[in-house]
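Here's a quick tour of a protein model, written for someone just starting out. Have a look at the structure first, then read on.

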Amino acid sequence: MNYRKRISNLEAEAEAELIEDGIIIEEVFAGSNYDQGFSKISKKGKANEKKRSRVVSQQQLQKDLQKRKKIGDIAERKVYEYVKRKVTEIFGKEYGDKVEHVAATRGDGLGYDITAFDYLNPQHPPKPIKIEVKGTTSISTNAVYSISYPELEKFIQYRNEIWLVRVHGVGKKHEMRMEIDNDFNQYYSVNDLLTRKYAYIPSSIDVYGTRVKDI
């Protein structure tokens, strides 16, 4: 598929309506795709040059951002409903009622989206966990996703009690797949996490100061 046709397809997809009444039918543990990701990084240079040459209208940019937010909101809600049901089944209504979609009730600044209990490893009393949700319309486990620095810091701060949950097929079909990564306990800094766990490309730079030479 040529570049222009691919961009046209992406824009058409951004206009498509998202299905919001689907359910998560499967949960799996995340598998390693580090090597595949690393090989993709080496091919990104030329692709990024083409992307930078494309002029995107402000209107299209806003549509894309709204679409991404809607995908994220749907994914969070579906994970919240799924996890609440699982916690209730295993630990009872008392704990099910304590599962909270904190991104909705307290805001997005916490660095995670849901507080719940570890139903995968039942114990009494249940172990509290925090869940960060990433949603994508893609059904591929190799789909790219974004993580903010504050989220990475939470993966370190709560490394023994945090899950990264990716939801595949959001809004595109009635049945979604939930992929759980709870393997953070061996990392002790954000740099360690980025060095040893992720194949990634930095997508933004926060500038706190600028040096200007005197003329």
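Is Lys 69 buried or exposed? Lys 69 is exposed, with a relative accessible area of 53%. For the labels, buried means under 20% relative accessible area, exposed means over 50%, and partly exposed is in between, using a 1.4 Å probe and protein chains only.

Keep in mind that this is a predicted model: local features need pLDDT of at least 70, side-chain atom pairs count only at pLDDT 80 or more, and totals for chains, interfaces and linings use all residues. Residues are numbered from 1 along each chain as its sequence is written, and side-chain values use heavy atoms, with hydrogens and water left out.

**Salt bridges**

- The structure holds 12 salt bridges, where a salt bridge is a side-chain nitrogen of Lys or Arg within 4 Å of a carboxyl oxygen of Asp or Glu.
- Lys 69 has a salt bridge to Asp 73, at 2.8 Å from N to O. These two are four residues apart in helix α4 (residues 58-91), so about one helical turn separates them. Asp 73 is partly exposed, with a relative accessible area of 32%.
- As for the element names, helices (H or I, at least four residues) and strands (E, at least two) are DSSP runs, numbered from the N terminus.
- Glu 94 and Lys 98 also meet in a salt bridge, this one at 3.9 Å from N to O. Glu 94 counts as exposed at 52% relative accessibility, while Lys 98 is partly exposed at 45%.
- Lys 134 forms a salt bridge with Glu 151, and their closest N and O atoms are 2.9 Å apart. Lys 134 lies in strand β3 (residues 128-136) and Glu 151 in helix α7 (residues 149-157), so the pair ties together parts that are 17 residues apart in sequence. Both Lys 134 and Glu 151 are buried.
- Lys 84, Lys 93 and Asp 97 are linked in a network of salt bridges.

- Glu 179 lies in strand β5.
- Leaving aside neighbours within four places in sequence, Glu 179 is in contact (heavy atoms within 4.5 Å) with residues including Val 28, Phe 29, Thr 141, Leu 164 and His 168.

**Aromatic rings**

- Rings of Phe, Tyr and Trp (its six-membered ring) pair if their centres lie within 6.5 Å; planes under 30 degrees apart count as stacked, over 60 as edge-to-face and the rest as tilted. By this rule the count comes to five aromatic pairs.
- Tyr 95 and Phe 117 make an edge-to-face pair, 5.1 Å centre to centre with 80 degrees between the planes. Tyr 95 lies in helix α5 (residues 93-96) and Phe 117 in strand β2 (residues 114-117), so this pair ties together parts that are 22 residues apart in sequence.
- Tyr 95 and Phe 117 are both buried, and ring pairs link Phe 91, Tyr 95 and Phe 117 into a cluster.
- The charged end of Lys 197 sits over the ring of Phe 184, 5.0 Å from its centre. To count, NZ of Lys or CZ of Arg must be within 6 Å of the ring centre and within 35 degrees of the ring normal.

**The nonpolar cores**

- A nonpolar core is a set of buried Ala, Val, Leu, Ile, Met, Phe, Trp, Tyr and Cys residues joined through side-chain atoms within 4.5 Å.
- Of the 26 residues in the largest nonpolar core, Val 79, Val 83, Tyr 119, Ile 131 and Met 178 touch the most other members. Helix α4 gives the most to this core, with eight residues.
- Apart from it lies another core of 14 residues, among them Val 102, Leu 152, Leu 193 and Tyr 198.
- Val 83 is in helix α4 and is buried, with a relative accessible area of 0%. Not counting residues up to four places away in sequence, Val 83 touches Val 99, Ala 116, Tyr 119, Ile 131 and Met 178.
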